[in-house]
Amino acid sequence: MRAFLGFVRKETLHLLRDRQTLAILILFPVVQVLIFGFAVRTDVRDIQIGIVDPTPDVATNELRERVAASDRFNVVWTGSSAADLETRFREGTIRQALVLPSDVERRIGRGDSLPVQLITDGSDPNTAGIMMGYASAIVDRWYRDEVPGKGSLRIEAQARMRYNPTLESSHLFVPGLIAFVLTIVSALMTALSITREKETGTMEMLLVSPIRPKAIVAGKVIPYIALGFISVLLVLVAARTVFGVPLRGSLFLLLAESVLYIITALALGILISTQVPNQRTAMIAALAGLMLPTLLLSGFIFPLDSLPKVLQWLSYIVPARWFLTIVRGIMLKGAGLATLWQETLILVGMTMFLLVKGSRGLAIRLG
Amino acid sequence: MRTIFFLVRKEFLQIFRDRTTVFQIFMIPVVQLLVLANAATFDVKRVAMLVVDEDRTTVSSGLVQRLQAGRQFRVVRYLPTDAGVDQALLNRDVTAVLHIPRSFEEDLVRRGRAPVQLVLNAEEGATTGIVQSYANSILSGYAKELDQTLPLARGASGVTSRVAPLDLRTQRWYNPSRNYKYWMVPALLVSLTTIIGLLLTAQNITRENELGTLEQLNVTPMTKIQFIAAKLIPFWILSMVIFSIGLAIGKLVFGIPMRGNLAVVYLAAAAYLIVVLGMGLGISTITRTQQQSMFVAFFFTLIFLLMSGLFTPVDSMPDWAQQVAEANPVKHFVSIMRAVLMRGAGLETVGRPIIGLTVAGVAVLGLAVLRYRKSVA
């Protein structure tokens, strides 16, 4: 036990003496959360739209004003001919174009049909769909006000957004960022700290000492658990004070789950470090190997429900996926262990598996 | 020149002798591109929906049928009251709840309009808007259908003075089949090339520093410019190869459109990679250990990637962030790639950003040369 404590102390000193790394490690997650909480948004705003209006009159003016008044749109160009629309789209100066027919006023008076064209840059299908929705809503409403008398049937959907009524992006991304940043930082740190000992040859010394491989692993991990925990606290404080992200569930449960997840990520780092010979391969594995899958297969940005079945199965082995559900559940929905016990159990299982596999690998490789 | 050549050869030997690294450098991008291209999609299919139907009339059940018929929703539960709805949302059993009130049919017939309530789990915000627009289009489609069939009590049907009908035709240019992969594959390719290139260069000099071999290089007569050039060239070639492999996969496996001139894409890639690798080398000169350089590199990679418009639109970011994004090389390269590949833009459109990237590349390299010290402090 004394030897073990001594070892933990050595690791802690290692960590504390390298001021630069320590500063990066502690500040890094907070800065990331601050930047992305502000900058990463999925709502569509400021759509650059062009309007082709061959014969401006009172009716088309009304429509143009409505488009301009909407904060979704930014009318960057108005013209009378659709001839150079294609160039404008290709240059990327407009992303949407509304092509009105001529003599709108007269058509309405005579009861002729109003052929309105709505062209959207469909490169990004999702954004395009949303842009089309906004624009056609404006046109529809304008038409209804401008051409009265046609009282068609309407089913009015009153939407209620549960758990995030204002659809505030930061409330959705901040829990995701906690999971993401913890994964990378914790996994990368342990992977590097163990492979460094290998690379510099000091691992051999540790292995011939009376400390058992399991204890070496534990000793390596303990200081990082503390560090990770501090990160989580800082991130949570930032999330609460800066973004006002709600915490509807129990703080204690959230912290406990975070510690569990930190250990999972650290165990992942241990496993990586036992499989690779040096820091370079460790970091490529941890960063290049983990970054995009954690980003894309956890439900952080893209919804998991719409993935192909095979990828959904693949996402089951991404620990961040489960932790993300837990964090969102606790913070946004106020869920308790009664709802989240499955995810928690899965994380516990994963951690056990990774730890056992990691400590074995270590003993066999150099033993 | 000969010095640079020998050093480049040395770097190549060093990389290719390390089998694990070679395997990682080439396999990680390829595998991730193949797998993740399928994951990066907002295309929402078959949303689990719960319907609370208090009306239970033919009109209300017709609505449920329309919802079930499309590919967007699957009605997993159909209840007469809203007992248990909250729990279903909390457990993520359902994503959307449609509440049809008791007087639904009556309201439609009498007043011509009827409210329904749509409750969405907004936990995953990105999709919420999409689900909502799907639901709205089904509802309005059904309303139009009822307009023809439902006997209306309004008696307004006699007032058929000619009313100008609105004929709104929508077009989606460049990606009419709404293939999300066309949009995401170039983006993923850029992120993978960036991650690998930046990490390899950022780690390179610190590694020599840690192992002590940097000292050996420092005592040779080689100049600082030669040193940085020799470090840059091998990784530049490697990254271009990775980029080409990825582009080939994009074309052959995912069939991404290539409407513009590929030479323009390569020109942009050449300039862009100088910026990225130059930054990697710069990071490598200001940090001392590999651990530090990794963290700094990771920090920048993440900011560059998430603020580049790869995954979320730049236009949606607040103004200050959009201005910051102007300084982001990834953002420019991604928008060049998308403009050329999808919209067939040429040099007259993307020429300026390419020049910008080149200037940035030269500046970054210059900084790396200046920062690099042969003498030990």
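## Strands that pair

Two strands count as paired if DSSP finds at least two bridges between them. Please keep in mind that this is a predicted model. In chain A, strand β3 (residues 96–99) and strand β4 (residues 114–121) run antiparallel and are joined by four bridges. Within this pairing, A:A97 sits opposite A:I119 of β4(A).

## Pairing across the chains

β4(A) also reaches over to chain B: eight bridges join β4(A) to strand β5 (residues 166–173) of chain B, and these two run parallel. Here A:L114 stands opposite B:L166 in β5(B).

A further parallel pairing links strand β5 (residues 154–162) of chain A with β4(B), over nine bridges. In β4(B), B:N121 is the residue opposite A:R162.

## Where chain B touches chain A

How many residues of chain B are in contact with chain A? There are 101 of them, and they meet 98 residues of chain A. Elements that each supply at least two residues to this side of chain B include β4 (113–121), β5 and α7 (180–211). The most comes from α6(B), with 15 residues. By class, this side of chain B has 56 nonpolar, 30 polar and 15 charged residues.

## A helix pair in chain B

Helix α9 (residues 224–252) and helix α14 (residues 347–371) of chain B have axes that come within 9 Å and cross at roughly 125°. α9(B) and α14(B) are therefore oblique to each other, and the crossing is right-handed. B:K224, B:I225 and B:I228 of α9(B) make the contact with B:L365, B:A368 and B:V369 of α14(B). Five of the contact residues are nonpolar, one is charged and none is polar.

Note on methods:
Residues are numbered from 1 along each chain as its sequence is written. Chains are lettered from A and ligands numbered from 1 in the order in which they are written. This is a predicted model: local features need pLDDT of at least 70, side-chain atom pairs count only at pLDDT 80 or more; totals for chains, interfaces and linings use all residues. Axes are lines fitted to C-alpha atoms, for helices over the stretch in contact, and angles run from 0 to 180 degrees between N-to-C directions. Angles under 35 degrees count as roughly parallel, over 145 as roughly antiparallel, 65 to 115 as roughly perpendicular and the rest as oblique. A crossing is left-handed if the near helix is turned anticlockwise from the far one by less than a right angle, and right-handed if clockwise. Two residues are in contact if their C-beta atoms, placed from the backbone, lie within 7 Å. Ala, Val, Leu, Ile, Met, Phe, Trp, Tyr, Cys and Pro count as nonpolar, Asp, Glu, Lys and Arg as charged, and the others, Gly among them, as polar.
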